[in-house]
Amino acid sequence: MKGASVPAVVGMPSPLFLWRFKAILFLLWGLCCCKIGWDSVMRMSADLRDLFLYEVFLYYNPLFLVALMIWLWGVNLWVFAQSSVNYVKVFDLAQTHLSHREIWRCATWLTLIVPTSMTAYLYLYSHGEVSLAASQPVLLYAILLIVLLSPFDMFYLSSRFYFLRTMLRIVLPLQAITFPDFFLADIFTSMSKVFSDLERSVCRMVNRQVATIAWFEADSICGSHSIAIPLVLVLPYLCRFFQCIRQYKDTKEKSCLLNALKYSTAVPVIFLSALKYHVFPDQWVSFYRPLWLISGVINSLYSFYWDIKRDWDLSILTRIFMFKSPSTWTYKLSAHLRHNYLTVFAITALEMLRRFQWVFFRVENEWNKMTAKQNFEMSSDMPSESDRLLESSSHTV
């Protein structure tokens, strides 16, 4: 009606304004964490600073790398959503699967809470609250584990169940191997150093060595000479190896055996590296280190060839990717290089970027195979021209 009054519409902030506001808050939070962390480190004595930073790095660097992998996976899904690649069908996902926005939301929360916990750890330890400082990584790990394993319908229950079920299928390949099974297992091989650091961190938490230097003894249960380090490093490769054996049992394709051989080449790299702490120095230099170098070159070249030729099917474009240094794939497997923790962290991050690139080609290649198979089945079901002519000639006029 003309005389009716129109209620005033409350102005809502635009999405761009909200995004900028969140970005400013995120930046301010990051600056506060950096300022508090730096001041806390500078309060420590110089002789303890390096040891303490190494310990802090051990607890939190694997979680930073996990957050990086989640961010990159969200980018993968966003690119697939903009393209013709139907990743939902490739992975056989339910309609309630997480979109790239929800993946990024999970990565954002992890990116927030990990530096916050680390900053609290640095601040409390530098101000003499050692017991409170020691509780920070323990609480963080416990909260993340509870969220991951929670049976309640919260925090994306169906997606967490899908992830845990796939992990179980990876560890126990008692059934036919599906694409999500070996896809996730391949990603886990790139995160072998992350799993090793998580094991070292949990070991120190269980043995109450957090915020102490008891772990610095190399021969202790949580020291750098522990046999658990190579065992955890090799576990993703063994899982992938047995997946290939299972695939050969089901399909009888010889390429599965060649793929299994690729993963088996990581085993000597890992255990020859660990031998450095269990043999005499002259034996390591004269015999075991050359073997480690040779096995590392074999593993790197074999992995490089398989990614380009088999997984990506890019034999024509091999020269484009030859600029990449394959040796980086082996550095993360070597336990005797753990003391170069910043270098190993950078190499592991680069490996995740390589895996991020690998995802695009691998999923697209799988989608092309699926569409080609569907097109072939559709064409085989349709009658040919000669069949239609024979059918028409058999009719009585």
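I began with burial: buried residues make up 40% of the chain's 397 residues. Buried means under 20% relative accessible area, exposed over 50%, and partly exposed in between, with a 1.4 Å probe and protein chains only. The model is predicted, so local features need pLDDT of at least 70 and side-chain atom pairs count only at pLDDT 80 or more, while totals for chains, interfaces and linings use all residues. Residues are numbered from 1 along each chain as its sequence is written, and side-chain values use heavy atoms, with hydrogens and water left out.

**Overall fold.** I looked up the elements next. The chain has 15 helices and zero strands. These are DSSP runs numbered from the N terminus: helices are H or I of at least four residues, strands E of at least two. I then checked contacts, meaning heavy atoms within 4.5 Å. Among those between residues at least 6 apart in sequence, 72% join residues at least 24 apart.

**Helix α1.** I compared its length with the expected span, which is 1.5 Å times one less than the number of residues. Helix α1 covers residues 15-42, 28 residues in all, and should span 40 Å; its end C-alpha atoms are 41 Å apart, which agrees. Gly30, Cys33, Gly37, Ser40 and Val41 are buried in α1. The buried residues of α1 pack against α2 (46-82) and α4 (100-126).

**Second largest pocket.** On a 1 Å grid over the protein atoms alone, a pocket is an open set of points where a 1.4 Å probe fits, with protein on both sides within 12 Å along at least five of seven lines; lining residues have an atom within 4 Å of a point. I found 14 lining residues, of which Trp19, Lys22, Trp71, Trp104 and Thr108 lie nearest the centre. The elements giving two or more residues to this lining are α1 and α4. Helix α1 gives the most, with seven residues.

**Ser226.** I placed Ser226 in the loop between α8 (192-206) and α9 (228-251). Is Ser226 buried or exposed? It counts as buried, because its relative accessibility is 14%. Its side chain makes a polar contact with the side chain of Arg200 at 3.4 Å. A polar contact is a pair of N or O atoms within 3.5 Å; within protein, one must be able to donate a hydrogen and the other to accept it, and residues adjacent in sequence count only if both atoms are side-chain atoms.

**Arg208.** I found Arg208 in the loop between α8 and α9. Arg208 counts as exposed, at 76% relative accessibility.
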